[in-house]
Amino acid sequence: MTHLLSSLVIMLLGVAACGFYFVFSNWLLLRIFPVRRVSLQQQAVNIQRAALIRPWLFLAPALGFLGLYLVYPVVESVRLSLFDRGGDAFVGVANYRWLFASEEFQESLLNNLLWLLVVPACSTFLGLVIAAMTDKVRWGNIAKSLVFMPMAISFIGASIIWKFIYEYRGEGSEQIGLLNAVVEYLGGTAQPWITLHFWNNLFLMVILVWIQTGFAMVILSAALRGIPEETVEAAVLDGANGVQIFFKIMIPQIWSTIAVVWTTITITVLKVFDIVLAMTNGQWKTQVLANMMYDWMFRGGGDFGRGAAIAVIIMVAVIPVMIWNIRQANAQMEGR
Amino acid sequence: MTGVKLSNIRKSYARNEVLHGIDLEIELGEFVVFVGPSGCGKSTLLRMIAGLESISDGEMYIEGALVNHIPASMRGTAMVFQTYALYPHMTVYDNMAFAMRIAKESKEVIDEKVHQAAELLQLTEYLGRLPKALSGGQRQRVAIGRAIVRSPKVFLFDEPLSNLDAALRVQTRIEIANLKENMPGTTMIYVTHDQVEAMTLADRIVVLSAGKVEQFGSPLELYTNPANLFVARFIGSPAMNILPVVLEQSGPHSLIRFTSGKTLSVPVASELMEEGAELQLGIRSEDLLLSDKLNALLSGEVQFVESLGEMTLIHVKCKESDSIIVAKLVGIIELHKGQTVHLSLMADKVHLFNTEGHSLRYLDQQSCDAGQQAEQPDLVTDNV
Amino acid sequence: MVTVTKPLSSTDSPYQSRGLLSTLRRSPLTLLTHLSVIVIVVMWTLPTAGLLISSLRDKEQLAVSGWWTSLSPSTQRLMVRSVPPDAQLEEGGRYVLRGKVSDDQALQVLAFGWSSREPAAYAVGDVAQMRKGQTLSISSNGEYELSSPEPFSGARGKRLFYTAKIPPRFGLDNYREVLTTGGIGQSFINSLTVTIPATVIPILIAAFAAYALSWMAMPGRGLLIALIVGLLVVPLQMSLIPLLRMYNQIGSTFGVDAKSYLGIWLAHTGFGLPLAIYLLRNYIANLPKEIIESARVDGANDFEIFTRIILPLSFPALASFAIFQFLWVWNDLLVATVFLGTGEQQMVLTARLREMLGSYGGNWEVLTASAFVSMAVPLLVFFSLQRYLVRGLLSGSVK
């Protein structure tokens, strides 16, 4: 109870401090450049000066945070990746050389590649199909809401949910995992799915697909609804059937949205960590880069050099998407 | 004292100049309309007066004070936007009170002024409503009320009627005209692309085109004595008919020859012109008359007839002109497509334009005026 | 990530179903479509439903049978010890021990036995002949009778094996257990302590920045916007090591704890800001220009315009981001494990779950109930504020 109270107090203080900054900085600005009780000309000058400074007052906290928590760490991570485990001695590219020779890294890279191929493709495809189908049934909104729901569940919660599904009990006893129960019902033999090499990767991916399909569905559903109905009607008059309309008229019109969904999920996949940590912690050849990085960050007191090197590799994989995004944003702003 | 004075005002975006030196003197309490085709810079000029756009070059005075560097909030202007720009989350009352609250006026003053304005605009019963619960006309009245309560020196309207339907537009136009009567000391500047609004509301009209003032004068002056081809074509509907002619004989009265060879003497001075010069003749559609073949100056085939009851518009393809000539004839006239008609024109209503497009009559009049009032530099002839 | 810019302003249902492809509606495909959607919905909800049902089941039943059988009675093989020999009675020259195998009224015994090798050798009603002339019988309601020509000896009762049909049992026992003993209750409060300020602070900061980047004249605006779009996708992993080093250094220099709530609030604020600024800027920049100009002509300065006009008008966008950030922070494990300690006072729900996965790997009654406690708040937020979440998604990107 006392903890709850102190939490509340700390919360209020934190929020108040932030609000205080903005009010106080504006008050100070108006004290330095007053607009009341001074001559008209002075007022005009003061208003202009204040207007020159004010955007930076508004931006300062944001820029401070972005700089300290994102920009500086990116630079620092690159630097640290060239240093030893404690970050003290310069070791050149030794960390990278070690990395590329490491079997664990090769395995992670391969697994990550597999994740990158499977998860965005499956999520986007399923999302598109579900969006198209739910648009056509009257209770589609409820269906969408339920498919979208896993978005609200933490990766770790989702892992527990799916671990329960993959649960394996030794032969002879009753299976309480849904998957094994179904397999046995169909006449197969129960398997410890999580430890089956190669296939276990796919079982982990199912979890992320389960979460991300809702996201893809929501965005693609909006895109599908954004298609001018006239184009569909024209195709109907031209004698196209439903499947033809879907693939030849609708899909081409939402390509750019599909690309957006695809890249967004790709970024999520590159950062995926919680699922692997919770399900296998990288055992049974399911290691991925993000989890390996986390591992090295703390392993044996933490090897910051190697950890940073892995982070840099992830960053490099993200850069193409980053450039594409910036281009898109610029094009959009110019269009405005 | 002048209400608003602009002296060689220029505006550039990057290296692109959109206003090329505007000179205007708007009298205190005058209602001036800026009119021109879209993209002519009229809205930009208005926004510069409001202080929403910076002034690239030149000087701007409001009631004698230089305002180039005075921010919008201190110029004493109030603006009514085309989209009303009401604050959607505030009631009508709060919308009108906003500016005074910012200025830290007392509650009583705010209350009094808001109620005064609401009464004037018949908004009293709507004071507690949000803008989304009002009709388009009511919203526009709130926008006007928001401007009134500030007792501005200059009242600016940016196409305030464009978002209203036709019936409401007429009604609101009358309300704005009444407002003008009620606020005699307030200078009002009104931007529109609709010449009917311009003609009915304005004390004086500024015709702008491509960032320049084409003419500044009273509505009737613009109609009867356009300074140039642009104004001649822009003011009036249907547009003035333009025909190519040749100056046969110059003098206080000019003798002109049509392409058909027929000649006409018109009371327009052309003393400085060379004989044989190519001119453009302008004649308003109501100044054309049906005539017989013998006395006709123009003849051609009827292309199209618009019977409006009180008048009949006929579109005629004449040999004398490349373009279609439109004649406005009083009453109902039985004419059919394909029929040949003969037209004559009222010589004293004829305008002549030189190759630069300037009206000979207007130039003549300006030089007379300049002679009489040498002490007052003429703002418009500078451009001509 | 940036081409989808539906205006945030639509106030109707987040997913409007439109009669697109109305021709298909009447075709024979309709039935197939309905069926497929049903199958999909079942596939997507079944995992969560299984977890929820399991968390409400009796823990013994949960461990031995699948949750899909939970509504039918389960057949279990159980062992119980009879009452101890002290309680024996002498009846007609034989010594008798009487009792009931279980207090459960609804229990129905099907078979029994006296050795672990043959736990179900006798049917109800039979009398089992044991060694040394002893006999055992168990009736279907669970009453047993052991009799022996010699007095029973020893301190403990005899082992009795029985197979019984046990009716389904549901209850909140698992929740009671995890909330009181598992530390989940404490973690719940910790999660709230992390999440609320980590949601509110970035909103405030981002809203001011978004306004400045939308409507205030300043040099380098385009560059800053491009920077923020770029930072949207920077992986968190890049930040962890340098920030951990920095926090440790600050901790040792000033003699304070390197792992504190303040630390994680600031970290979440930093990580959430690019999305916050991006989303809010998309919205604020699309507000009608005239409203802001009108306020400016009315004499308001930028601070007044922001607080009195922009903030109230941006409510939908602020709500969208708040939900994103809330879900993200509440569900985050990585940042919490790096920047918060593992003590009772700091462990958040996700970290607690992860720890439990390690230590109670097979204790599904603890895991399922804990997982559901951790999911309750985000699911509540999700279902009540879904409209804002969808709008936010459509106006920008997600993490």
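Predicted model: local features only at pLDDT ≥ 70, side-chain atom pairs only at ≥ 80, totals over all residues.
**View 1. Chain C and its three domains.** Start with how chain C is divided: domain 1 covers residues 27–71, domain 2 covers 74–167 and domain 3 covers 175–395.

**View 2. Val178(C) in helix 4 of chain C.** Helix 4 of chain C runs over residues 173–180, and Val178(C) sits within this helix. Is Val178(C) buried or exposed? Its relative accessibility is 2%, so Val178(C) counts as buried, because buried means under 20%. Now look for Arg117(C): 61 residues separate Arg117(C) from Val178(C) along the chain, and their C-alpha atoms are 36 Å apart.

View 3. To locate Arg36(A), follow chain A to the loop between helix 1 (2–32) and helix 2 (40–80). Arg36(A) has a relative accessible area of 39%, so this residue is partly exposed.

**View 4. A nonpolar patch on the surface of chain A.** Here you meet Phe20(A), Phe24(A), Trp27(A), Leu28(A) and Ile32(A), which together have about 520 Å² of accessible area. One of them, Phe20(A), belongs to helix 1 of chain A. With a relative accessibility of 53%, Phe20(A) counts as exposed, because exposed means over 50%.

Notes: Residues numbered from 1 in each chain as written. Chains lettered and ligands numbered in written order. Heavy atoms only, no water. Domains from an automatic or database assignment. Helix = DSSP H or I, 4+ residues; strand = E, 2+ residues; numbered from the N terminus. Buried < 20%, exposed > 50% of the residue type's maximum accessible area, 1.4 Å probe, protein only. Patch = residues over 30% accessible without salt bridge, like charges linked within 9 Å, V, L, I, M, F, W, Y side chains within 5 Å. Areas by Shrake-Rupley, 256 points an atom, 1.4 Å probe, with all protein chains shown as cover. Salt bridge = Lys/Arg side-chain N within 4 Å of Asp/Glu carboxyl O.
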